[in-house]
Amino acid sequence: MAKKGMFSGVIFLGFGLYFLLQQYNIQILQGLYTWPTLIIIIGCGFLAQGYLGKDHEAILPGAVITGMGIHFHVVNKLDMWQDHAGVFLLLAAVGILLTYVKTGAGLMMGILFLAAASLLLFFDRLENWAVEHGHDISLISNFWPLFFIAAGAYFIIAQRKK
């Protein structure tokens, strides 16, 4: 990171507020005195560095880290929230797309990650729908890890050729 002032400032401010509020033991905030809140503060530091500073590469880790903190806060509190590997791929997609908004680069990569996350998150519903309509898509579920491996290898090889 070029200048870490924004990152450090948000981290110290956030941790200070966290510990101050924890000392006062405000009942309405009782559920926030946990480690995922600290993860969110760190992610917000990265986001501030990426958006308010000039280090746009900090947006991706900021989105992923903030999203992970939010995920760990709500995964056991909201029935609709999925505890699934696709959530983390979705967080990466959001980070890439937020970086695209700021820099104008990475739109296609963000869309690919979003599509892959959507497939992971909703594959069980797609599979149930297919079975109800007499289609067998078990072949896809057996081979789609190979799709991820092939896509990863392709991007690594394509990056090395640049």
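I take contact to mean heavy atoms within 4.5 Å. With that in hand, I looked up isoleucine 137, which touches Phe123, Leu126, Glu127 and Ala130, leaving out residues up to four places away in sequence.

**Ground rules**

I am working with a predicted model, where local features need pLDDT of at least 70, side-chain atom pairs count only at pLDDT 80 or more, and totals for chains, interfaces and linings use all residues. Residues are numbered from 1 along each chain as its sequence is written, and side-chain values use heavy atoms, with hydrogens and water left out.

**Entry: the core**

I then asked which residues form the largest nonpolar core. A nonpolar core is a set of buried Ala, Val, Leu, Ile, Met, Phe, Trp, Tyr and Cys residues joined through side-chain atoms within 4.5 Å. Buried means under 20% relative accessible area, exposed means over 50%, and partly exposed lies in between (1.4 Å probe, protein chains only). The largest core has eight residues: Leu89, Ala116, Ala117, Leu120, Phe123, Ala130, Ile137 and Trp144. Helix 5 (residues 107–132) gives the most to this core, with five residues. My helices are DSSP runs (H or I, at least four residues), as are strands (E, at least two), numbered from the N terminus.

**Entry: what the record says**

I checked UniProt next; its positions are in the numbering used here, feature names are shortened, and annotations may be inferred rather than shown by experiment. An unreviewed UniProt entry lists "transmembrane region" at residues 6–21, 33–52, 58–75, 87–117 and 137–157. I compared two of these stretches with the model. Residues 58–75 are 89% helix and 0% strand, with end C-alpha atoms 25 Å apart. Residues 87–117 are 90% helix and 0% strand, yet here the end C-alpha atoms are 7 Å apart. The unreviewed UniProt entry also places "domain: LiaI-LiaF-like transmembrane region" at residues 6–46. I find that stretch to be 76% helix and 0% strand, with 8 Å between its end C-alpha atoms.

**Entry: helix pairs**

For the packing I used axes fitted as lines to C-alpha atoms, for helices over the stretch in contact, with angles from 0 to 180 degrees between N-to-C directions. Angles under 35 degrees count as roughly parallel, over 145 as roughly antiparallel, 65 to 115 as roughly perpendicular, and the rest as oblique. A crossing is left-handed if the near helix is turned anticlockwise from the far one by less than a right angle, and right-handed if clockwise.

I began with helix 1 and helix 2, which pack at an angle of about 155° with their axes 8 Å apart. They are therefore roughly antiparallel to each other, and their crossing is right-handed. The residues making this contact include Phe7, Val10 and Tyr18 of helix 1 and Leu38, Ile41 and Gln49 of helix 2.

Helix 2 (residues 35–51) and helix 3 (residues 59–74) have axes that come within 7 Å and cross at roughly 160°. That makes helix 2 roughly antiparallel to helix 3, and the pair crosses in a left-handed way. Among the contact residues I noted Trp35, Ile39 and Phe46 of helix 2, with Ile65, Gly69 and His73 of helix 3.

Residues meeting here include Leu89, Ile96 and Tyr100 in helix 4 and Phe113, Ala117 and Leu120 in helix 5.

**Entry: single residues**

Histidine 73 sits in helix 3 and counts as buried because its relative accessibility is 10%. Its contacts beyond four places in sequence are Gly31, Leu32, Thr34, Pro36, Thr37 and Ile40.

Aspartate 83 is in the loop between helix 3 and helix 4 (85–103), and its relative accessible area of 61% makes it exposed. Leaving aside neighbours within four places, aspartate 83 is in contact with His71 and Val75. Its C-alpha lies 18 Å from that of tryptophan 35, which is 48 residues away in sequence.

Asparagine 25 belongs to the loop between helix 1 (5–24) and helix 2, and is partly exposed at 38% relative accessible area. Its phi is near 50°, a positive value in a residue other than glycine. Most residues other than glycine have a negative phi.

Alanine 158 lies in helix 6 (residues 138–161) and counts as partly exposed at 27% relative accessibility.
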